[in-house]
Amino acid sequence: MTELMVDARSVRKSYGTNQVLNGISLTVEQGEVLCIIGPSGSGKSTFLRCLNHLESINGGRIYVNDELMGYRQVGKVLHELKPKDIARQRQSIGMVFQRFNLFPHMTALQNVIEAPIGVAGVSSDDAKKLGLELLAQVGLADKADHYPAQLSGGQQQRVAIARALAMKPKLMLFDEPTSALDPELVGDVLDVMKSLAKAGMTMIVVTHEMGFAREVADKVVFIDKGLIVEQGTPKQVLDNPKESRTKAFLNKVL
Amino acid sequence: MADATDYSDDVVAVPLRHPARWIFGGLAALLLLSFIYAVASAKSIQYELVAKFLFDHRILEGMVVTLYVTVICMVCGATLATLLAIMKLSENPIQRWLATGFIEFFRGTPLLLQIVFWGYLGIIFPQLVLGVPYTDIVFLSGDTSDLIPALVAGIIALSLNEAAYSAEIVRAGILAVDGGQVEAAKSLGMSSSYTMRKIVLPQAMRVIIPPMGNEFIGMLKNTSLLQLIAVAELYTAASTISSANLAQIELLIVSGFWYLVMTTVLGFPQRALEKRYGRGFESVGGRAAPRAFKVGRR
């Protein structure tokens, strides 16, 4: 029996007159890995940011873990949630950013344990233990006392993954996690993500790494101009695309 | 191929000569020496009086007042400034307007005028009553001059003025923090006030501290304006003495000397603070950067 982790129903988003998402519907089951691919400006990152309500949506509904994101529905009327309720919803959704966004004034370990201590109320001893475990899990046990500026891009991104995992999320969002990395550092980050997927984490990954998508994804979605053009297994979408736009895109990136 | 242990091609060059530096240095030294000579040999200045009053107990007591008024005003001013900066960046329009109005008002009127206003508040409102309006509940009441003596009036005036100026410094510091930091904090479920305290402000401090050091020095000197409402700080002490013995210049030198000592000494905690909040930023803009501009021989 599988459960729906994410249920996005015709999600629409616009900035002024610029319509970025034109009605995206997709579902992700528990333990599933979904890769979103598409040209730049297609709306894939925006969609990801809507999932944890970093961006509010203009239409449709997003349910994560059976909870409506950002709003409370009473009958047919939507009420905006209070900031603290939105913050609570976000706690179960980890996010990893293209530019890492580590807190530069904190060491790697402090980055990982700040939210568990300050937000989840974990004791500082327990958080430290968890933090060191997570840093070991991403292969950086020896870098706990390093500041982000002393780490390579790949190491920073792995700390960022550990930081997101520290809140024990049910869902992990990755927004082009390897796009800002030097080519030789990409592998380490992808390895960490692969082992996460193997451990059963539900993941949505916006990526340009077709190799990763082919190997790890259960489902691949190709988005263009704010719409899903094609979706299916990696084999279907990446190896035998039906749509001409998918073919054209894959020809460019492969 | 040259191996690493072969030093025969080490760059050992004769350093470039800088004759212009020597010429300018000599000229500057000459000017400085002639100025010092002119001041030292001035017949009108009685240096024995300067020496006599340099450690006069009234001067030293004035210095203590100057120092603690400065520290109190900076702490109150900076706290209020942070509040104003956050209000000005708030999504709540009423908070934005209130903060903007406060800042405009206190920056738009001369500090001197504000000090005199607070000092003579008793003329406008002889009695002060603090209580719940339209009821008999009164927490505090009395003569304004008793409740707000000159020292308190001076501290209020300097603090409010300081808050208005430093609010913009704090706001600039907050705006200098990368937006991705707030997003990362949000994605971890941090509230906006937690994010402000733990993520944004500590990083903003790096940008805030240098101009705040300026403000501190400015505040130290501005306390001398409290002479107008007879607060017994350093400048008041000096001018009280000089109005009795008519040695104006000598006492100006005395107070000037001590102001200079205090502003110089206050530079040290600033450097310590800069180091404290520069942690994690060394390779970006801290100690490592200037090395690139230095040329040295092995």
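**An arginine and a pocket**

User: In which helix is B:Arg171 found?

Analyst: This is a predicted model, with pLDDT of at least 70 needed for local features and 80 or more for side-chain atom pairs, while totals for chains, interfaces and linings use all residues. Residues count from 1 along each chain as written, chains are lettered from A and ligands numbered from 1 in written order, and side-chain values use heavy atoms without hydrogens or water. Helices are DSSP runs of H or I, at least four residues, numbered from the N terminus. B:Arg171 belongs to chain B, in helix H8.

User: Why does B:Arg171 count as partly exposed?

Analyst: Partly exposed lies between buried, under 20% relative accessible area, and exposed, over 50% (1.4 Å probe, protein chains only). B:Arg171 is partly exposed because its relative accessible area is 22%.

User: Which side chain makes a polar contact with that of B:Arg171?

Analyst: Beyond four places in sequence, B:Arg171 is in contact (heavy atoms within 4.5 Å) with B:Ala85, B:Lys88 and B:Leu89. Its C-alpha atom is 8.5 Å from that of B:Leu84, 87 residues apart along the chain. A polar contact (donor and acceptor N or O atoms within 3.5 Å; sequence-adjacent residues only by side-chain atoms) at 3.1 Å joins the B:Arg171 side chain to that of B:Glu168.

User: Which helix gives the largest share of the lining of the second largest pocket?

Analyst: The lining has 22 residues, with B:Ala78, B:Met205, B:Ile209, B:Met212 and B:Leu273 nearest the pocket centre. In chain B, H3 (57-88), H10 and H13 (267-277) each supply at least two. The largest share, 10 residues, is from H10(B).

Methods. 1 Å grid on protein atoms, 1.4 Å probe; cavity = no way out; pocket = protein on both sides within 12 Å on 5 of 7 lines; lining within 4 Å.
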